[in-house]
There are 2 protein chains.
Amino acid sequence: MKKVTVLGAGYMGSAITFPLAENCFDVNLWGTWLDDNIINSCLKGNHPKLKKPLNKNVNLYYSKDLKKSIIDRNIIFIGISSEGFLPVFKKLLESIKDSKEDYIFFTLTKGFVNHNGKVKQLSSTAKELFEEKFPRKKFKWASVGGPVKAVELSDHIPSLSIYGINSSEIKKLAKLFSTDYYRVLTSADVCGVEICSALKNIYAMAPGICDGMYKSTREGMYHNFNSILFNQGIIEMSKIVYRIVGNNNTVFDLAGIGDLYVTAQSGRNRRLGELIGKKVKPKEAYQMMYDSGEIGEGYNTLNLAIKWLDQLDKNLLKELPLLNSLNKIIFKNYSPVLELKNLIKDYF
Amino acid sequence: MKKVTVLGAGYMGSAITFPLAENCFDVNLWGTWLDDNIINSCLKGNHPKLKKPLNKNVNLYYSKDLKKSIIDRNIIFIGISSEGFLPVFKKLLESIKDSKEDYIFFTLTKGFVNHNGKVKQLSSTAKELFEEKFPRKKFKWASVGGPVKAVELSDHIPSLSIYGINSSEIKKLAKLFSTDYYRVLTSADVCGVEICSALKNIYAMAPGICDGMYKSTREGMYHNFNSILFNQGIIEMSKIVYRIVGNNNTVFDLAGIGDLYVTAQSGRNRRLGELIGKKVKPKEAYQMMYDSGEIGEGYNTLNLAIKWLDQLDKNLLKELPLLNSLNKIIFKNYSPVLELKNLIKDYF
């Protein structure tokens with residue numbers, strides 16, 4: 001029986017335990033210091049976010065027991081928020097030993113991190129930290145993407161996930177996670193999958209804003225305008241990925257189109273956008289959601305992505321009108337209605 | 001003042017009169033023999049489908065007055081259903097003379113036609129017929145695509161349209177249709193825009209079917225699964241357009257992604273899909289809608305597209321699992337639930 005530890009007992013970390021446990025993996029689920037209440041609830045009955053009990057074979061660990069949760073395990077899923085990623089990954093590295101076997105990381109966490117004064121992709125920072133600690137070990141890493149909402153995965157709704165993978169060994173392993181309702185496809189474009197997964201949280205706020213405006217004021221925007229915003233999100237994601245990876249095939253498939261679609265239809269980033277469209281101040285909207293235990297990751301990811309692109313290529317940043325508009329709306333107090341309407345007049 | 005005649009007083013033909021009239025075109029709107037009641041209503045007050053009066057400068061013509069409606073006009077919008085296209089276009093050619101000026105056609109009609117025992121693209125059939133009648137005239141034609149729902153256009157909701165255009169003269173003219181809420185972009189890929197516009201009516205039925213199943217039975221399918229279907233629609237459209245045009249850039253922009261998005265969110269083809277998902281027999285669902293004056297064009301377009309692809313390239317047809325599944329569901333009585341679920345297990 002293969003053993004796996006999932007770090008993070010929020011939506012996605014907990015949901016992935018369903019196909020894993022049903023595929024007879026021995027699953028440990030560790031909750032961060034923000035998740036102790038979740039672990040409590042799960043021990044008594046339902047997972048409080050997924051509204052159902054986890055598989056009874058899943059072993060639950062409180063935040064204090066990170067070390068215990070990874071004893072004898074080298075397959076590690078990381079399912080924590082991008083804000084929490086660095087502290088947890090550092091703690092993880094302190095806790096693991098130089099075992100004979102390689103560690104294999106499957107990361108459900110999306111985004112960028114602030115590390116040593118620079119904004120970086122999460123995977124490259126993880127690689128850096130890992131290689132500092134284990135200079136002779138190979139860094140084995142997969143970025144998990146594609147249109148998979150956690151609650152629906154836990155409901156056994158048919159879902160396809162795309163794993164960006166950098167070794168054939170991991171590819172073989174990842175195929176073992178498939179069930180009749182959760183199918184794992186693989187791609188060699190680790191970086192493209194990671195960037196798509198992060199950016200889609202940003203761009204999904206745009207149709208949310210548009211719908212929010214419509215719902216509160218019927219400010220003359222709906223499906224036609226929403227479709228422009230969705231399409232523009234894909235166009236801009238493809239420009240960014242092309243700049244980094246040299247092609248944009250990954251964007252025009254499940255990791256890009258598919259994942260932006262599901263995120264634009266429902267979920268936390270869309271909801272954050274809706275609140276902003278309804279004229280809640282963006283910072284307040286983020287905080288309101290945060291206080292009820294829901295993180296609109298697009299908010300921080302947008303802030304970091306702008307800095308990351310500014311470091312990377314100022315000219316590219318100029319070619320991303322929707323990203324710039326979202327930045328103005330969310331961090332510079334511009335009116336969503338005027339800003340988005342001007343977009344179609346002036347930029348596209 | 002430039003003069004234009006719009007043929008077809010249904011949704012799209014009528015909606016396009018708003019930006020045209022507001023741009024000071026002298027607009028004639030001619031209704032087909034199915035539209036006489038619409039013209040009646042418009043003369044009394046509201047357009048019955050758009051639920052508002054047309055611009056008072058639009059001149060209205062009953063079906064018997066086709067000839068009158070095009071006197072002295074060489075810019076012609078065709079906004080009739082694909083079923084009605086051939087009879088109207090033939091009647092039009094009978095009615096027009098070999099004037100000094102060239103005729104310029106902007107077609108809002110999407111799809112394929114059955115002509116001389118073969119299924120063909122609408123534009124190539126139009127070209128054939130036009131050149132039979134006017135062998136020395138240039139065939140000037142634009143295919144209008146992009147995510148523009150008619151009701152929203154008539155509501156002045158911000159919209160972007162993409163016109164596939166084969167001459168620089170038409171390009172210049174098309175730019176004159178733009179307003180502050182309706183912006184016309186152009187593309188040289190006339191054929192790609194036309195095919196996208198037709199295919200999106202087919203593929204939009206798939207998320208509709210999925211939602212219909214969910215709404216009636218909670219058959220375990222929703223956003224995750226819907227996103228797979230949307231994504232697969234784009235993938236298959238890109239394969240088809242690539243086969244015909246040699247590239248698929250048009251699909252990955254407003255004419256493909258944008259237009260499939262708006263069509264999958266709302267509209268007649270989506271609604272037809274929903275009915276089928278709720279276990280109404282496809283033929284009955286089509287007829288129910290038809291009887292209430294709404295045509296789910298995807299139904300006939302699917303039938304014709306399968307024949308068109310079969311003529312064109314049998315191997316390509318085999319690589320389009322979603323199209324084949326839709327064909328089985330809609331014309332061969334297969335169960336939507338089983339057929340779509342099997343898709344993600346076996347094909348993608």
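The area buried between chain A and chain B in this predicted model is about 3600 Å², of which carbon and sulfur atoms give 60%; buried area here is the accessible area (1.4 Å probe) that two parts lose on being put together, summed over both. On the side of chain A, the residues that lose the most area to chain B are A:P158, A:N224 and A:Y261, which together account for 20% of what that side buries. In terms of contact, defined as heavy atoms within 4.5 Å, 44 residues of chain A meet 44 residues of chain B. The model is predicted, with local features requiring pLDDT of at least 70 and side-chain atom pairs counting only at pLDDT 80 or more, while totals for chains, interfaces and linings use all residues. Residues are numbered from 1 along each chain as its sequence is written, chains are lettered from A and ligands numbered from 1 in the order in which they are written, and side-chain values use heavy atoms, with hydrogens and water left out.

Across the interface of chain A and chain B, 16 residue pairs are in polar contact, with both residues at pLDDT 80 or more; a polar contact is a pair of N or O atoms within 3.5 Å, where within protein one must be able to donate a hydrogen and the other to accept it, and where residues adjacent in sequence count only if both atoms are side-chain atoms. Helix 10 of chain A supplies the largest share of the side of chain A that touches chain B, namely 10 residues; helices (H or I, at least four residues) and strands (E, at least two) are DSSP runs, numbered from the N terminus. By class, this side of chain A has 24 nonpolar, 10 polar and 10 charged residues, where Ala, Val, Leu, Ile, Met, Phe, Trp, Tyr, Cys and Pro count as nonpolar, Asp, Glu, Lys and Arg as charged, and the others, Gly among them, as polar.

Chain A averages a pLDDT of 94, and 98% of the residues score at least 70, pLDDT being the predictor's confidence in each residue, from 0 to 100. For the complex, the predictor gives an ipTM of 0.96 and a pTM of 0.96.

Within chain A, a positive phi of about 65° is found at A:C24, although this residue is not a glycine. A:C24 lies in the loop between helix 1 (11-22) and strand 2 (26-30) and is exposed, with a relative accessible area of 52%; buried means under 20% relative accessible area, exposed over 50%, and partly exposed in between (1.4 Å probe, protein chains only). A:A204, in the loop between helix 8 (190-203) and helix 9 (205-217) of chain A, is buried, with a relative accessible area of 0%.

In chain B, B:T250 occupies the loop between helix 10 (223-245) and helix 11 (254-265) and counts as buried at 11% relative accessibility. The side chain of B:T250 makes a polar contact with the side chain of B:D189 (2.5 Å). Helix 16 of chain B (residues 321-331) is mostly covered, with 8 of its 11 residues buried, and just after this helix B:N333 takes a positive phi of about 65°.
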